[in-house]
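The exercises below are meant to be worked through with the sequence and the model side by side. Each one sets a task, and a solution follows step by step.

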Amino acid sequence: MTAASAVIIPAQRVPAEQRGRTRIGARVVSAIALQAAGEVGRVRAVAGHPPVARVDGDLTTIKLDVALDYPSPVHSIAAEIRGHVARRVLELTGLEVAQVDVRVTRLEVRS
């Protein structure tokens, strides 16, 4: 008898999705959102006032404060931040992002 044939599989195996619940906290979503926003070009700094994210079941909303390079097309970079953050949060947590608010708090001249 080989080791593989010695494995016994129960007849009534419970599917993985029915074995328990995974909860992803707002602090985890906040950390992902802050990191993801910083990955966007021309973003100099990212912050958020706690809580950055709110989680309600499988849905989350996010609020970020960012500093951008000057000069920058503020409106299009804010849109890029919203899209990138929403994709990364969904990819890493499975949570749907209902809204990402981006507040540009300052522009910084590159030295």
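**Exercise 1. Find the residues that Thr 60 touches beyond its close sequence neighbours, and decide whether Thr 60 is buried or exposed.**

Solution. In this predicted model, and with residues up to four places away in sequence set aside, Thr 60 touches Val 29, Ala 53, Arg 54, Val 55, Val 89, Leu 95, Glu 96, Val 97, Ala 98 and Gln 99. Finally, the relative accessible area of Thr 60 is 0%; because buried means under 20%, Thr 60 counts as buried.

**Exercise 2. Describe the order of the elements in the chain and how confident the prediction is.**

Solution. Start by counting, which gives two helices and four strands. Read from the N terminus on, these elements follow the order α-β-β-β-α-β. For confidence, the chain has a mean pLDDT of 90, with 89% of its residues reaching 70 or more. Where pLDDT is low, the predicted coordinates should not be read in detail.

**Exercise 3. Work out which residues touch the most other members of the largest nonpolar core, and which elements supply the core.**

Solution. The largest nonpolar core holds 22 residues, and Ile 62, Leu 64, Ile 81, Val 85, Val 89 and Val 100 are the ones that touch the most other members. At least two residues of this core come from each of α1 (26–38), β3 (59–70), α2 (74–93) and β4 (96–109). Taking Leu 64 as an example, and leaving aside its neighbours within four places in sequence, its contacts include Ala 33, Leu 34, Val 46, Val 52, Ile 81, Val 85 and Val 100. In soluble globular proteins, nonpolar side chains tend to be buried together. Across the chain of 111 residues, 27% count as buried.

**Exercise 4. Locate the nonpolar surface patch that includes Val 109, and decide whether Val 109 is buried or exposed.**

Solution. The patch is made by Tyr 70, Val 74, Leu 107 and Val 109, and its area is about 360 Å². Val 109 has its place in strand β4. With a relative accessible area of 59%, Val 109 is exposed, because the cut-off for that term is over 50%.

**Exercise 5. Determine which parts of the chain are tied together by the salt bridges of Arg 88 with Glu 39 and of Asp 65 with Arg 103.**

Solution. Begin with Arg 88, which forms a salt bridge with Glu 39, their closest N and O atoms being 3.7 Å apart. Arg 88 lies in helix α2 and Glu 39 in the loop between α1 and β1, so this pair ties together parts that are 49 residues apart in sequence. Arg 88 counts as partly exposed at 23% relative accessibility, and Glu 39 counts as partly exposed at 39%.

Turn next to Asp 65 and Arg 103, whose side chains meet in a salt bridge at 2.8 Å, N to O. Since Asp 65 lies in strand β3 and Arg 103 in strand β4, the pair ties together parts that are 38 residues apart in sequence. Here Asp 65 counts as buried, at 11% relative accessibility, whereas Arg 103 is partly exposed, with a relative accessible area of 47%.

**Exercise 6. Trace the network that contains the salt bridge between Arg 106 and Glu 108.**

Solution. The side chains of Arg 106 and Glu 108 meet at 2.7 Å, N to O. Salt bridges that share partners then join Arg 44, Asp 69, Arg 106, Glu 108 and Arg 110 into one network.

Note on methods:
Residues numbered from 1 in each chain as written. Predicted model: local features only at pLDDT ≥ 70, side-chain atom pairs only at ≥ 80, totals over all residues. Heavy atoms only, no water. Core = buried A, V, L, I, M, F, W, Y, C linked by side-chain atoms within 4.5 Å. Buried < 20%, exposed > 50% of the residue type's maximum accessible area, 1.4 Å probe, protein only. Contact = heavy atoms within 4.5 Å. Patch = residues over 30% accessible without salt bridge, like charges linked within 9 Å, V, L, I, M, F, W, Y side chains within 5 Å. Areas by Shrake-Rupley, 256 points an atom, 1.4 Å probe, with all protein chains shown as cover. Salt bridge = Lys/Arg side-chain N within 4 Å of Asp/Glu carboxyl O. pLDDT = per-residue confidence, 0-100.
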